[in-house]
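This report describes one protein model, starting with a single residue and then widening to the whole chain. Please look at the sequence and the structure first.

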Amino acid sequence: MVSCAHGNSHVPSEFASIFDEMQMSDDTMCEYGARQLFENIAPSIADYAELPDVSHLIVDVDGSISDGTAFSEYTQHLSAKQAGQIVRDYYLPYLMGFEERAEDWIAAQEAMLLIDIHTFEPIVQNIPVGMDIDLVFCHTNNEERSFALRLKRAFEKRAPWLRVRFNALHKVEEDSFVQHMRDMYGRLLRGIEISVGQNVIFPEGIRVVSEVICDVAKKWSTDSKEH
């Protein structure tokens, strides 16, 4: 499965007035380059892939409704009716699409790999982040760690100029779509967030990153079926 939690810039017309005075570009309403990466990767490897229907500034499928992290600073003060509409129309359908597909594979006792694509700004508050790719996984899960190591070694071989780090951008236990799926499906699901620096989002960079991810994922799938 391939997801891209922050890959859509769409704002439904009924909520457009929230952003009228802010003159936000599409690159502000989503993570720059994330959708392009998703569209390069998903057709090649995914048995199921989906983008959210709306911008994460409307509702963030990477966040939690119960913990209050799903609504942005622009939508957290909406009425209960409006918030309920957003959850019903945009938040839950995204999660349920992945959950329904996962249930099918669980019933068949098939191992699942979930890749969530993100991008990040390479300079924050005038300080370079110091990496080009971050792989966020559960370090106590041997298979997730093994997959991350495969990716890192593949990048070192194919694109040694890319600096790859592990679990650098945030703690794996923080609210995220991947963590939600881990909690739901435990031992049969391996999840990893792949965050790529926006400085790498140019045609050659997208091509190389996409090829490495697809090659490693295909090899993982083949190995899983053999075992």
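## A buried cysteine

Cys4 has 0% relative accessibility and so counts as buried; buried means under 20% relative accessible area, exposed over 50%, and partly exposed in between, with a 1.4 Å probe and protein chains only. The structure holds 0 disulfides, a disulfide being a pair of cysteine sulfur atoms within 2.5 Å. For Cys4, the nearest cysteine sulfur is that of Cys30, 8.2 Å away.

## Basis of the model

This is a predicted model, in which local features need pLDDT of at least 70 and side-chain atom pairs count only at pLDDT 80 or more, while totals for chains, interfaces and linings use all residues. Residues are numbered from 1 along each chain as its sequence is written, and side-chain values use heavy atoms, with hydrogens and water left out.

## Overall fold

The protein has 6 helices and 8 strands, in the order β-α-α-β-α-β-β-β-β-α-β-α-β-α along the sequence. Helices (H or I, at least four residues) and strands (E, at least two) are DSSP runs, numbered from the N terminus.

The C-alpha trace spans about 50 × 45 × 30 Å along its principal axes. Of the 227 residues, 49% count as buried. A contact means heavy atoms within 4.5 Å; among contacts between residues at least 6 apart in sequence, 79% join residues at least 24 apart.

## Surface and charge

## Helix H5

The buried residues of H5 are Phe177, Val178, Gln179, Met181, Arg182 and Tyr185. They pack against strand S1 (2-3), H3, S3, strand S6 (133-136), helix H4 (142-158) and strand S8 (189-197).

Met184 also belongs to helix H5 but is partly exposed, with a relative accessible area of 41%. The C-alpha atoms of Met184 and Glu99 are 8.4 Å apart, although 85 residues separate them along the chain. Just after H5, Gly186 has a positive phi of about 45°.

## Positive phi in two loops

Most residues other than glycine have a negative phi. Gln109, which is not a glycine, has a positive phi near 60°. Gln109 sits in the loop between helix H3 (80-107) and strand S3 (112-120) and is exposed, at 51% relative accessible area.

Asn167 likewise has a positive phi, of about 50°, without being a glycine. Asn167 lies in the loop between strand S7 (164-166) and helix H5 (177-185). With a relative accessible area of 26%, Asn167 is partly exposed.

## A residue of helix H2

Gln36 is in helix H2 (residues 34-45). Gln36 is partly exposed, its relative accessible area being 38%. Between the C-alpha atoms of Gln36 and Ile117 there are 10.0 Å, and 81 residues separate the two along the chain.
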